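I opened a new page for this model.

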Amino acid sequence: MAAAVPPPLYLGFDFSTQQLKVLAIDENLNVLHQDNVQFDSELPEFRTQGGVHIHSDGLTVTSPVMMWVKALDLLLDKLKRTGLDLSHVRALSGSGQQHGSVFWRRGASETLKQLNPDKDLFQQLQDSFSVADSPVWMDSSSSMQCQDLQAAAGGALRLAEITGSRAYERFTGNQIAKLRQSRPEQYQDTERISLVSSFAASLFLGGYAAIDFSDSSGMNLLDIRTRTWAEICLEATAPDLDQLLGTPLPSTSVLGPISSYFVHRYGFCESCRVVAFTGDNPASLAGMRLQQGDIAVSLGTSDTVFLWIQQPRPALEGHIFCNPVEQQAYMALLCFKNGSLTRERIRNQCAGASWEVFSGALRNTSLGNNGNIGFYFDTMEITPPAVGVHRFDRDDNKVSSLSPEVEVRALVEGQFLSRRLHAERLGYSIIPGTRVLATGGASSNRDILQVLSDVFNAPVYAIDLSNSTCLGSAYRALHGLAAESGVSFFDVVKNAPKPKLVASPHPTAAQVYDHMLKRYARLEERVLQETCS
Ligand SMILES: O=C(CO)[C@@H](O)[C@H](O)CF
C-alpha cells in the first residue's frame, strides 16, 4: 500500500518591530501553529526597547540586524522542538516592517551560499553586514535628504505622482542617501541593499532576494505605474543604486527553492519554495482578505489605516503602494507612529499597567469624554508631523492633566478621531455598508474596538487572531505556487474563516463624533502651529 502523502504546510513569517512571528496553515487554510520571539525579552543582549534603539538625537531610530538573524535561529529551534514536521512545508513567505533597510557587506553573498548546517546563522553572518544598526520605519532623521529628493523630482506632489508618496524620512531611498553621505566607508563596503522583507527572504534563499513591487513602493524610488525604479529618484539618491537594489519583482513571484542550509539543519524539504516577502501592511491586507469598500485599521507598534484601491490618487499626505495580491491594483495607507507604545505608556501610568483596568476606564467613561480631547504624540508623529502631549477641556482650553480614566478615553478617542479625520481628508468616506476590519495586537481588546466602532460609526470586524501579517504571508505562500497558472489570490483563499463582527456603533455615536471630529480638526491645527513654530 502506498505510504500516505503528508498534508502540505505553508509558513508565514513576520519580521516586525518588536518581534519575529511565524504561523503555519494547512492546504485548507486551518491555522495549525503560531510562535514568536520577542526581541526585548528573549534577546536582552541587544538592549532594545520595543525592538529598537532611539538614538540621543531623538530622531535616529535603528535595530541591530544581527538581532533579527539571531531571532530566526531561536524561532526555527522553537519550531523544531514543537515537533512540527518541516519536511511537509510546500512553500513559505513572509513580511518585514516596511522601509527598514539592510546593508550586506562585500562578500556576503558567498557566505549566504555556503552556510554550514552545523552552525547557527548568528555565528556565520557576524561579518556579513556593512551596517550593524539598520535604519527602521520610526526614524525621522533624513529631512535634508527628503528635501533634496523632492527638489530633484520637481517638487513634493510630483514625487508623490511618481512614487506614490511625497518624501518621507523613513522611506528607504532617503535613508540610503543619508547613510551614503554620513558613513561613506560603510556604504562603499556594501554589495547589496535589502529591505527587511527581502533580507529575510535572502536568508531562506541562501542568496540575495528581489524586493517585491509592494514593499518597493515604500522607498520613494519605485515608479508605481511602470513598477520599475524611477531613474530621476535613483540618480538623486546614489550612483548605480539599481545595481545594489536588484530588479523588483511581482509580489507573487516564486523566488526559488529553500537553501540547503535549512534542509539539513531543520528538515525542510529541498522542494520547499520561497515566495517573495513583502511589507507588513501589504501582508496584513492579504491576511484580512481586504476588498474594495472595506477600511482596515491595524493597531500595532504603528497604527495604520489602509484600503484597496484600483487607481492611484497620490497626495501630499498618506501613501499609495502597489497591491500585494493583485498586480494591477493598489493600496492606500496612512501611518501613525504613536500606536501601541503610547497605549502601553498610558496603560502603565493611568491603569496600573493592566489592560483590564484600561478597558474598565473605557467602559466607565462616556462617548465624547465630556468634551475632553487629547493628542498623544510621544515621538514625532508621521500623520500629522507634530510632537508632544496636548490636552483640551470641553471649552478648548489647554489643561495640564486629566483624571486617569478620562486620560485613557482621551487617548483612545484621540487616536481614532485622528485615523478617521485623515482617512476622510484623503477622500475615503465611511458610508453605509462600510466594514472596518481591525487587526494588530490591540484588536484583541473588545473595549478598544467599541470606541473604534463609535468614532467611525461603522461595524468593526476582526479575524480570529490579531496576527494578520503572518496569516497573509502564509496565504501568499500557498497562492504563490498557483499564481503562475493564473489562479487569483481570492480564489485560493475563498474558504478562509470570515472576519467576525466584534463591535457595532452606539446609537448616539454619529451625533457625538461627527461634531467632535470638527473640534478635533480645529485643535489639531492649533497643535501643529504650536509644535511647528
Ligand atoms: O511605516 C509604516 C508604514 O508606512 C509602518 O506601519 C511600518 O510598516 C511598521 F512596521
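**Entry 1: the interface.** The model is predicted. I looked up the area buried between domain 1 and domain 2 and found about 2400 Å². Carbon and sulfur atoms give 58% of that area. I then asked which three residues supply more than any other three of the area that domain 1 buries against domain 2. They are Trp137, Arg170 and Arg227, with 22%.

**Entry 2: the domains.** I checked the bounds next. The domain assignment puts domain 1 at 9–276. Domain 2 is given as two stretches, 289–466 + 499–532. The contact draws 32 residues from domain 1 and 26 residues from domain 2. I also looked up the spacing: the C-alpha centres of the two domains are 28 Å apart.

**Entry 3: pairs across the interface.** How many salt bridges are there between domain 1 and domain 2? I found a count of zero.

**Entry 4: the domain 1 side.** I listed the elements that give two or more residues to the side of domain 1 that touches domain 2. They are strand E3 (31–38), helix H6 (156–163) and helix H10 (213–216). H6 gives the most, with five residues. I sorted the residues of this side by type and got 13 nonpolar, 14 polar and five charged.

**Entry 5: salt bridges in the model.** The count comes to 20 salt bridges. I picked one of them to follow. The side chains of Lys70 and Glu45 meet at 3.0 Å, N to O. Where do the two residues sit? Lys70 is in helix H2 (residues 65–81). Glu45 is in the loop between helix H1 (39–42) and strand E4 (53–54). The two residues are 25 residues apart, and the pair links distant parts of the chain.

Terms used:
Residues numbered from 1 in each chain as written. Predicted model: local features only at pLDDT ≥ 70, side-chain atom pairs only at ≥ 80, totals over all residues. Heavy atoms only, no water. Domains from an automatic or database assignment. Contact = heavy atoms within 4.5 Å. Buried area = accessible area lost by both parts, 1.4 Å probe. Salt bridge = Lys/Arg side-chain N within 4 Å of Asp/Glu carboxyl O. Helix = DSSP H or I, 4+ residues; strand = E, 2+ residues; numbered from the N terminus. Nonpolar A, V, L, I, M, F, W, Y, C, P; charged D, E, K, R; others polar.
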